Amino acid sequence: ESERVQIVKAYISLQEGHPQETMQLCDQGMQVALKRWWQLPELGVSPQLSMLHSFQVLVELQESARLLVELHNAARSLAPPAAGAPA
């Protein structure tokens, strides 16, 4: 699968609230993108620009997933203890 397919899967995973899966999909997408990067011709700018854009999107998705995890952890630590739970 191409890095673009991984990006779409990562977006869907993030929207569904699965940040760990999103980070895993981003890692897979980066591996695919790196393999393609090394296959690009040394001359020419257009293919490199497209790949750089893919890398940027993957990084942004990873950062979004990390933020969701941090927000979830912060909300959990600030939540009052459940009724009946030992203090």
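Predicted model: local features only at pLDDT ≥ 70, side-chain atom pairs only at ≥ 80, totals over all residues.
Let me begin with a term: a residue is called buried when its relative accessible area is under 20%, exposed when that area is over 50%, and partly exposed in between, computed with a 1.4 Å probe on protein chains only. At 4% relative accessibility, Q6 counts as buried.

Residues are numbered from 1 along each chain as its sequence is written, and side-chain values use heavy atoms, with hydrogens and water left out.

Staying with Q6, this residue lies in helix α1, where helices are DSSP runs of H or I with at least four residues, strands are runs of E with at least two, and both are numbered from the N terminus. If we leave aside the neighbours within four places in sequence, Q6 is in contact with E1, L25, Q28 and G29, contact meaning heavy atoms within 4.5 Å.

Side chains of opposite charge can pair when their charged atoms come close. A search of the whole structure finds two salt bridges, the criterion being a side-chain nitrogen of Lys or Arg within 4 Å of a carboxyl oxygen of Asp or Glu. In one of them E1 pairs with K9, with the closest N and O atoms 2.8 Å apart; E1 is exposed, at a relative accessible area of 61%, whereas K9 is partly exposed, at 35%.

R36 and E3 also form a salt bridge, and here the closest N and O atoms are 2.6 Å apart. Because R36 belongs to helix α2, residues 19-39, and E3 to helix α1, residues 3-15, this pair ties together parts that are 33 residues apart in sequence. R36 is partly exposed, with a relative accessible area of 36%, but E3, at 1% relative accessibility, counts as buried.

Turning to the rings, which pair do we find? The count comes to one aromatic pair, under a rule by which rings of Phe, Tyr and Trp (its six-membered ring) pair if their centres lie within 6.5 Å, with planes under 30 degrees apart counting as stacked, over 60 as edge-to-face and the rest as tilted. The ring centres of W37 and F55 are 6.3 Å apart and their planes stand at 70°, so this pair is edge-to-face. Since W37 lies in helix α2 and F55 in helix α3, residues 46-78, the pair ties together parts 18 residues apart in sequence. W37, at 28% relative accessibility, is partly exposed, while F55, at 18%, counts as buried.
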